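I opened the model to look up how the two chains meet. My notes follow in the order I made them.

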Number of protein chains: 2
Amino acid sequence: MITFAVVGHRAVTRGDFSLNDLPGGAGRIDILCRCLTTSLFLSHDMRRDVECLLVLLGEPDPPKTIRFSGKDVRYLSPDERSAASLMKKALLLPVTGDYSFSMPGVAIRRGGLVRLLEEQTFAVLDESGEDIRTITDLPQAFLLSDHENMSPEEKNLVMGLRHISVGPRSLHAEHAITLVLNELDRRRS
Amino acid sequence: MITFAVVGHRAVTRGDFSLNDLPGGAGRIDILCRCLTTSLFLSHDMRRDVECLLVLLGEPDPPKTIRFSGKDVRYLSPDERSAASLMKKALLLPVTGDYSFSMPGVAIRRGGLVRLLEEQTFAVLDESGEDIRTITDLPQAFLLSDHENMSPEEKNLVMGLRHISVGPRSLHAEHAITLVLNELDRRRS
């Protein structure tokens, strides 16, 4: 299982946002949508061995984590609006500490980065890290930030983790995900 | 200058499509939007040395080509809706054989793949091609198809061109663009 976790620093934590204003009113949820679809889609197929964890830290009720499992997810299309509509449905559920399913393959719970880091060892995707092409033992779980840098508190949380770079330029999170998946695909083929 | 050209086989050629239904009513224009933003965006910056050519072959008035130049484009945000809104504005212009600008960095003209291939030598991104990592003299112009395979006529047109693969899996067009740009970034750094 390959895992991507993406921190959405302003991504709203209520389900009534407008699908017509994902960058503004929904707190850059467009970024999380692209990370989700990039994680899960192949051409005319899905990556059944990938899960994508979206950490939402925006108002009014943070933190929440939405988990999409490539193995089980249905009704997801590659466009941002479709992905956002599945996030809306999940955000309409009451949250507890355990994952509640809003539909097959899509679940939401209370909690954010602290809890994810307790459960799994992540590598941080960061342009100052080791070059992914030179790493022999590639990790299976990767942590990314949205358009905002990690906060000082978040940086403290991930300080001891492995930092991996996908290339010489600073890229959008979804582009980094594509590059990680390509490296994993090449090593398996 | 690096060029990406993407063929949108059903992408509508009128400017009155709904921004709320890019995959359906607009003929998978969502794919062209993602190819465009992937071509041009870095994190908090744009790729000024890239242009993206979107070939629209859908009804009612094909073929048309919209050109986005990273050097000059303004008012483009990374979300699909923003990109589609700039395409709508271009599609509202009357077209001639010469590019007409709808705004800085965005222009449209009559014509499609035949004309592009007369003007520039493209490499075709295709999973059965040579592996991009093993190619010493990388081309600067790349041709992709949307979710549909190239038609027999299109295949004939590109038969003599170099075919390049970005990896072992069949990917969405925008993911292939990310992988080409990463390879170019690495060779320049």
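**Interface of chains A and B**

I looked up the area buried between chain A and chain B: it is about 3300 Å², and carbon and sulfur atoms give 51% of it. In chain A, the residues that lose the most area to chain B are Arg133(A), Arg169(A) and Arg186(A), together 19% of what that side buries. I note that this is a predicted model.

I then checked the residues in contact: chain A puts in 34 residues, and chain B puts in 34 residues.

The rule finds six salt bridges across chain A and chain B. I looked at the one that joins the side chains of Asp185(A) and Arg169(B), at 3.8 Å from N to O.

Which elements of chain A give two or more residues to the side that touches chain B? I found helix H1 (29–40), strand E2 (41–42), helix H2 (80–91) and helix H5 (173–188). H5(A) gives the largest share, seven residues. By class, I have nine nonpolar, twelve polar and 13 charged residues on this side of chain A.

**Arg34(A)**

I picked Arg34(A), which sits in helix H1 of chain A. Is Arg34(A) buried or exposed? Arg34(A) counts as buried because its relative accessible area is 5%, and the cut-off is under 20%. Its side chain makes a polar contact with the side chain of Asp30(A), at 3.0 Å. Beyond neighbours within four places in sequence, I find Arg34(A) in contact with Arg28(A), Glu80(A), His172(A) and Glu174(A), and with Pro78(B) and Asp79(B) of chain B.

Key
Residues numbered from 1 in each chain as written. Chains lettered and ligands numbered in written order. Predicted model: local features only at pLDDT ≥ 70, side-chain atom pairs only at ≥ 80, totals over all residues. Heavy atoms only, no water. Contact = heavy atoms within 4.5 Å. Buried area = accessible area lost by both parts, 1.4 Å probe. Salt bridge = Lys/Arg side-chain N within 4 Å of Asp/Glu carboxyl O. Helix = DSSP H or I, 4+ residues; strand = E, 2+ residues; numbered from the N terminus. Nonpolar A, V, L, I, M, F, W, Y, C, P; charged D, E, K, R; others polar. Buried < 20%, exposed > 50% of the residue type's maximum accessible area, 1.4 Å probe, protein only. Polar contact = N/O pair within 3.5 Å; in protein donor to acceptor, adjacent residues only side chain to side chain.
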